[in-house]
Amino acid sequence: MKKNGLAMGMRVKFWVTFSALSALPVAWATAQTAAPVPAKPQAKPAAAQPAAAQPVAAQTQGAAAQPPASTVPPPPVVYPTLIWHPRDAQDLLTFIEQIGSEGLDPADYDPAGLAMALRSGDPLLLAKTATDRFNRVSGDLAFGHVPRAERDGWHIPDRDLNRERQFLLMRAALEQHRVPDSLRGLLPTHPQYRDLKNALSTTPRDQTAQVNRLRLNLDRWRWLPRDLGEKYIIVNVPAFYVALVENGVTKWRQRAVAGAIKTPTPMLSVMATGVSINPSWFVPKSIEPEVRGKPGYVPLRGKDGKIKGWRQPPGPNNALGELKFVMYNPHNIYLHDTNARSRFNSQIRSLSHGCIRTQNVVDLAKTIFAEEGNPAWTAEKIDAVLASKKTVQADFAKPIPVYIVYFSTAASTDGKIVNYGDVYKRDPKVLAALLDKRPPRETVATR
């Protein structure tokens, strides 16, 4: 009876304390905490999240020690500690316990620690613990669990979440008591993510290798932006295929030749603004030793008369073939035709210097222009320019996103699993990072 009375007393104490705190707004914070402010834009677009907030340093004594006003950094953004209703915290705990369906490990989010905070009867401890778990889970659902440093060759930015949006998401979830829904709203919308999840749910747990392949490729989908757009081109390097997708439906799909093992294709996202018909090939510096002085290559000279580079004019021997997609990027990776079309018949097509040789790429361009309804670039007009052997650039009415990605496993709607070759041997490193039981990480904004 004494033990039961003590437990009852703790529950009464918790609810009295929680009731008092609940009378405050949901964005209640300690007196030391500043209200959130919008994050300042980053100088480099590639930085997906602002830097972590750090405590404000004590003011340096003496005017001479103060830096010039123009170099004083802005004050750090500090977000309030939100009070969690036990029901919302329990919903979060249940979500974590079931997160294995997404290919993630519940242990990475310390559900035992959250359960202990729920039992403690301490609203402030619960607020701190639940907020930490919410930030860890939302960060992994939005960006993937594998750190960026372990993603070899992956240069695709993902700006689905930053510290401010993460805080606002949590606040709305608590105000509406919709924590699970808010977290599910961060998951990829691509049908392939859904199909991989379904395949994972039906794969026996003792098939460890297959389970792990499904899990690591589910995480790769989380590395991408949640919504790829209404219309886009996607290249899956291990599958050696290029596809045009619109409203979730594949409208066009053909074989591709990707980078060789020594010259792997980087994973990136870029906007295709049009096509170059009968393109010249301006030879990259890394390839110049292979072509320097050979017949069919024209030297490019500077004002001083010295050779600055090499160009291969349009023609039947041009490495870019009849057409190249215009998609400016720092890696100089393009989709293009080829003068060696027999290579598309090879089963393993990792043969290029990095660019994506695309089978029937002229038809892809015609398909895009036809869907735009652009009378200036009909199929007949494109054929006429091809026959002229003159280099002409044709611009799309609207740029199209191109995603070059790396998925070593895919799944169909009926649950069938397709394993491609891990052409660049990247799966082991990703899997090691996915399975590593690292100490709890900071919030998403510090990653």
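Two strands count as paired if DSSP finds at least two bridges between them. Helices (H or I, at least four residues) and strands (E, at least two) are themselves DSSP runs, numbered from the N terminus. By this rule, strand 6 and strand 7 form an antiparallel pair over four bridges, one of which joins Arg301 to Ile307 in strand 7. The structure is a predicted model, in which local features need pLDDT of at least 70 and side-chain atom pairs count only at pLDDT 80 or more, while totals for chains, interfaces and linings use all residues. Residues are numbered from 1 along each chain as its sequence is written, and side-chain values use heavy atoms, with hydrogens and water left out.

Six of its six residues are buried, so strand 1 is largely enclosed by the rest of the structure; buried means under 20% relative accessible area, exposed over 50%, and partly exposed in between (1.4 Å probe, protein chains only). Lys231, Ile233 and Val235 point one way from strand 1, Tyr232, Ile234 and Asn236 point the other way, and all are buried. Strand 1 pairs with strand 2 (residues 241-246) in the antiparallel sense over six bridges, and Lys231 has Glu246 as its bridge partner in strand 2. Four residues lie between the strands of this hairpin, where Phe240 takes a positive phi near 60°. Strand 1 also runs parallel to strand 12, joined to it by four bridges; here Val235 has Ile404 as its bridge partner.

The interior can be described through nonpolar cores, meaning sets of buried Ala, Val, Leu, Ile, Met, Phe, Trp, Tyr and Cys residues joined through side-chain atoms within 4.5 Å. The largest has 101 residues, and Trp84, Ile233 and Phe325 are those with the most contacts inside it. Helix 4 (residues 123-143) gives the most to this core, with eight residues. A second, separate core has seven residues, including Trp281, Val291, Tyr297 and Trp310. Contact means heavy atoms within 4.5 Å. Leaving out residues up to four places away in sequence, Phe325 touches a list of residues that includes Ile233, Ala272, Tyr334, Leu364 and Phe396.

Arg163, Gln166, Phe167, Met170, Ala173 and Leu174 are the buried residues of helix 5. Seen down the axis, these residues fall within an arc of 130°, so they line one face of helix 5; the arc is that of the directions from the helix axis to the C-beta atoms. They pack against helix 2 (86-97), helix 4 and helix 6 (179-184). At the N-terminal end, Asn162 caps helix 5, with a side-chain oxygen 3.2 Å from the backbone nitrogen of Glu164. Just after helix 5, His177 takes a positive phi of about 55°.

Helix 11 (residues 379-388) can be read in a similar way. Its buried residues include Ile382, Val385 and Leu386. They cover an arc of only 105° around the axis, which puts them on the same side of helix 11. The face turned away from the buried side carries the exposed residues Glu380 and Ala387. Among the elements that cover the buried residues of helix 11 are strand 4 (268-277), helix 10 (361-372) and strand 12 (392-405).

Finally, a loop deserves a look. Gly321 is found between strand 7 (307-312) and strand 8 (323-326), and at 10% relative accessibility Gly321 counts as buried. Not counting residues up to four places away in sequence, Gly321 touches Pro279, Asp337, Thr338 and Asn339. Gly321 and Asn339 are 18 residues apart in sequence, and their C-alpha atoms are 5.1 Å apart in space.

Methods: A polar contact is a pair of N or O atoms within 3.5 Å; within protein, one must be able to donate a hydrogen and the other to accept it, and residues adjacent in sequence count only if both atoms are side-chain atoms.
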